[in-house]
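User: I've got a model open and would like to talk it through with you. Could you take my questions one by one?

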Amino acid sequence: MPVEFLPVIGFLAGLLVISFGGGGGAIYVGVLTALCGVPPELAASTSLATIIPTTLVGALGHFRAGHVDLRLMGLLLASALVGTVFGTWVSAYIPEGIYYLISGALLLILSTQMLWTLVRQRGAPLRRPGERLSRKEFWEASAFGLLSGVMTGAIGLSGGGPITAALFLLRCPALRTVGTSVTVIAVMSTAGFLTHLAIGHIDWRLVGYLASGTIAGAIAAPPLLDRLGKERAERVIRPLIITVNYILGVLILMK
């Protein structure tokens, strides 16, 4: 695929990651490796570099709209940063075929877990802002954050799957799930990119093509979510997050 089409892919990925709290990294890595012939290591670093401006713009929009739970963000971010540094370090030692097997399988497992959580918690009260975590919730969220960081650093995915799965488990409202996930991803992607920059290289031409579209998608997404409304968002966004992660998992495993 000619690289001139990458801004269109970037725009769609920007809408996806800001609207559903993840998924953009899987699209970037898949397009770069399968359609542009980019090696997985370079695709991972390019994906992270592209995700940074996208999620920073989206995080700012979600924060202004009140869609970010700062307490949950801090907990998930602390464990995710550890996972990102570790994942980036081991990325050079992972065989190419294992990249896709691990990332695709993880997305399918997380999607199934989110579906089970959605069914099991049907009718349960949503988490209030500032509500304290139990010890079990604390360690479960930390484990999901660590997994998200490893996926970001090692594979170049946005890491939104484990983060949204953790927020589902914590009964976080849909819009707050998306906003908190995007904010965590913004910081994680920056950490992963800086580590990749120190040990590898970046194709800045590909970053420019992708980023030109993703930033536009990131700007467009928060107003669209606000127009959706909180009640409709609760009915629509959670099932869509699960569906998107299932599709991405299957597509990656088919590579």
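User: What percentage of the 255 residues of the protein count as buried?
Analyst: This is a predicted model, where local features need pLDDT of at least 70 and side-chain atom pairs count only at pLDDT 80 or more, while totals for chains, interfaces and linings use all residues. Residues are numbered from 1 along each chain as its sequence is written, and side-chain values use heavy atoms, with hydrogens and water left out. Buried means under 20% relative accessible area, exposed over 50%, and partly exposed in between (1.4 Å probe, protein chains only). Of the 255 residues, the buried share is 55%.

User: And how many helices and strands does the secondary structure come to?
Analyst: Helices (H or I, at least four residues) and strands (E, at least two) are DSSP runs, numbered from the N terminus. From that end on, the elements run α-α-α-α-α-α-α-α-α-α. The tally is 10 helices and zero strands.

User: Leaving aside neighbours within four places in sequence, which residues is V187 in contact with?
Analyst: V187 sits in helix 8 and is partly exposed, at 34% relative accessible area. Its C-alpha atom is 9.9 Å from that of A59, 128 residues away along the chain. With contact meaning heavy atoms within 4.5 Å, and those sequence neighbours set aside, V187 touches L77 and L81.

User: Is S142 buried or exposed?
Analyst: You'll find S142 in helix 6 (residues 135-155). Beyond its neighbours within four places in sequence, S142 is in contact with L75 and S79. Its relative accessible area is 13%, so S142 is buried.

User: Why is helix 7 (residues 160-169) largely enclosed by the rest of the structure?
Analyst: Look at its buried residues, among them G160, P162, F168 and L169. Helix 7 is largely enclosed because the number of its 10 residues that are buried is 10.

User: Just after helix 7, which residue takes a positive phi?
Analyst: The spot to check comes just after helix 7. The phi there is about 60°, and the residue is R171.

User: Are the rings of F138 and W139 stacked or edge-to-face?
Analyst: Rings of Phe, Tyr and Trp (its six-membered ring) pair if their centres lie within 6.5 Å; planes under 30 degrees apart count as stacked, over 60 as edge-to-face and the rest as tilted. That rule gives one aromatic pair. The centres of the F138 and W139 rings are 5.1 Å apart and their planes are at 90°, so the pair is edge-to-face.

User: What does the accessible surface of the protein come to?
Analyst: Accessible areas come from the Shrake-Rupley method with a 1.4 Å probe; for residues, only the protein chains shown count as cover. Carbon and sulfur atoms hold 70% of the protein's accessible surface, whose total is about 11000 Å².
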